[in-house]
Amino acid sequence: MMYYIDRPSTWRAANRKCAEVQEFVNQFKNCLVANELSRDAMIQDIRHKVEELNEAYPRTKKLAVDFGSSNQLSCFPEQRNVADQYIFTIIFLPVHTTYEFAEHINVLEEGGV
């Protein structure tokens, strides 16, 4: 199944690390994801980036990435004190149908060859 990402939801960055994470995931705005394998690879790329930033900023709270059954990817501090404290969320929207213009069909309908 194909997926579409409208835009990652982001909140005010608490520090430079959070800003870099948000900058990284914003590249996926208006992104079409070909299949589950591509979706899973994208999730791994994001997790890898978060791990890199956790190592680069050891004095800040560690960030965690979670992918839930509702096709939502979220990033938040591992030890958060507020239940809704997110760095970003991405919802993978399933593409149910696609539309493609086919010129040769219109020609045949008009009696052309």
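Author: Let's start where the two helices touch: in H1, Lys 17, Glu 20, Val 21, Phe 24 and Val 25 meet Asp 45, Ile 46, Lys 49, Val 50, Leu 53 and Asn 54 of H2. Meeting here is a contact, that is, heavy atoms within 4.5 Å. The model is predicted, so local features need a pLDDT of at least 70 and side-chain atom pairs a pLDDT of 80 or more, while totals for chains, interfaces and linings use all residues. Residues are numbered from 1 along each chain as its sequence is written, and side-chain values use heavy atoms, with hydrogens and water left out.

Reader: What makes H1 roughly antiparallel to H2?

Author: The angle. The axes of H1 (residues 16–25) and H2 come within 10 Å and cross at roughly 160°. That makes H1 roughly antiparallel to H2, given that angles over 145 degrees count as roughly antiparallel, under 35 as roughly parallel, 65 to 115 as roughly perpendicular and the rest as oblique. The axes are lines fitted to C-alpha atoms, for helices over the stretch in contact, and the angles run from 0 to 180 degrees between N-to-C directions.

Reader: And is that crossing left-handed or right-handed?

Author: Right-handed. The rule looks at how the near helix is turned from the far one, by less than a right angle: clockwise is right-handed, anticlockwise left-handed.

Reader: How many helices and strands does the protein chain have, and what counts as one?

Author: Three helices and seven strands, running β-β-α-β-α-β-β-β-β-α from the N terminus on.

Reader: Why do S3 and S7 stand at the edges of their sheet?

Author: That open sheet has three strands in the order S3-S1-S7, with antiparallel pairing. Strand S3 (31–33) and strand S7 (93–94) each have a single partner strand, so one side of each is left without a neighbour in the sheet. Two strands pair if DSSP finds at least two bridges between them. S1 (residues 3–5) and S3 are joined by three bridges and run antiparallel, which meets that cut-off of at least two. Within the pair, Tyr 4 stands opposite Leu 32 in S3. Helix H2 (residues 36–56) packs on this sheet, touching S1 and S3, and its direction makes about 120° with that of S3.

Reader: What makes S2 and S4 edge strands in the other sheet?

Author: Here the order is S2-S6-S5-S4, an open sheet of four strands with antiparallel pairing. Strand S2 (9–10) and S4 have a single partner strand each, so one side of each lacks a neighbour in the sheet. S5 and strand S6 (residues 88–91) pair antiparallel over four bridges, and Cys 75 has Phe 88 as its bridge partner in S6. H1 packs on this sheet too, touching S2, S4, S5 and S6, with its direction at about 20° to that of S6. H2 touches S4, S5 and S6, and its direction makes about 170° with that of S4.

Reader: How do you know that S4 and S5 pair?

Author: Strand S4 (residues 63–67) and strand S5 (residues 72–77) share five bridges in the antiparallel sense, with Ser 74 in S5 as the bridge partner of Asp 66. The two form a hairpin with four residues between them.

Reader: Why is Asn 71 called buried?

Author: Buried means under 20% relative accessible area, exposed over 50%, and partly exposed in between (1.4 Å probe, protein chains only). Asn 71 has 18%, so it counts as buried. This residue of the loop between S4 and S5 touches Tyr 3, Arg 39, Ile 90, Ile 91 and Phe 92, leaving aside residues up to four places away in sequence.

Reader: What makes Pro 77 buried?

Author: Its relative accessible area is 5%, so Pro 77 counts as buried. Pro 77, found in strand S5, touches Lys 61, Lys 62, Leu 63, Gln 85 and Ile 87, not counting residues up to four places away in sequence. Pro 77 and Lys 61 are 16 residues apart in sequence and 6.1 Å apart in space, C-alpha to C-alpha.
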